[in-house]
Amino acid sequence: MNIQIFGTKKSKETRAALRFFSDRRIAVHFVDFAVKGPSKGELSRFAQKFGARALVDEGSKRFSELGLGSAAYSDERWLERLVDEPLLLKQPLVRNQNRLTVGDAPREWKAWVEDARA
């Protein structure tokens with residue numbers, strides 16, 4: 001398995017994802033948004049599957065600070081904004097090759113693990 005987890009260590013959901021895979025002795029590559037933001041290409045993968053707006057954490061402190069509650073951006077503009085402001089993203093973003101999840105998704109992760117062991 002080639003697991004990549006994108007998020008911040010301050011995020012409870014990101015820590016839960018890291019713990020989920022660690023408990024199963026599965027190595028992950030962690031990308032900390034506090035150190036390095038996501039690339040537009042990486043975010044595009046998630047946006048193609050879920051839509052750009054689904055990647056936005058409307059409950060985040062940063063969303064409120066920027067006053068984006070009434071923003072009517074196109075998907076392309078949201079992607080640009082998310083690249084510039086990674087703290088607007090729902091966390092974690094998890095990728096296993098072509099399989100993707102946004103947020104806390106232990107059911108899907110468990111299915112990945114079971115598929116890999118089958």
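This is a predicted model: local features need pLDDT of at least 70, side-chain atom pairs count only at pLDDT 80 or more; totals for chains, interfaces and linings use all residues.

Of the 118 residues in the chain, 42% are buried.

The overall form can be followed from the elements of the chain, which comprise 5 helices and 4 strands and which, read from the N terminus, come in the order β-α-β-α-α-α-β-β-α. The C-alpha trace spans about 45 × 25 × 25 Å along its principal axes. Because a compact globule with 118 residues would have a radius of gyration near 13 Å, the 14 Å of the chain agrees with that expectation. When contacts with a separation of 6 or more are considered, 65% of them are accounted for by residues 24 or more positions apart.

One residue lets us look at such a pairing in detail. E42 is found in helix α2, which covers residues 40-50, and E42 counts as buried because its relative accessible area is 13%, where the limit for buried is under 20%. Which residues is E42 in contact with, leaving aside its neighbours within four places in sequence? They are Q4, F6 and R95. Although E42 and R95 are 53 residues apart along the chain, their C-alpha atoms are separated by 9.8 Å, and their side chains are joined by a polar contact of 3.0 Å.

How values were computed: Residues are numbered from 1 along each chain as its sequence is written. Side-chain values use heavy atoms; hydrogens and water are left out. Helices (H or I, at least four residues) and strands (E, at least two) are DSSP runs, numbered from the N terminus. The radius of gyration is taken over C-alpha atoms; the globule rule is 2.2 Å times the number of residues to the power 0.38. Buried means under 20% relative accessible area, exposed over 50%, partly exposed in between (1.4 Å probe, protein chains only). Contact means heavy atoms within 4.5 Å. A polar contact is a pair of N or O atoms within 3.5 Å; within protein, one must be able to donate a hydrogen and the other to accept it, and residues adjacent in sequence count only if both atoms are side-chain atoms.
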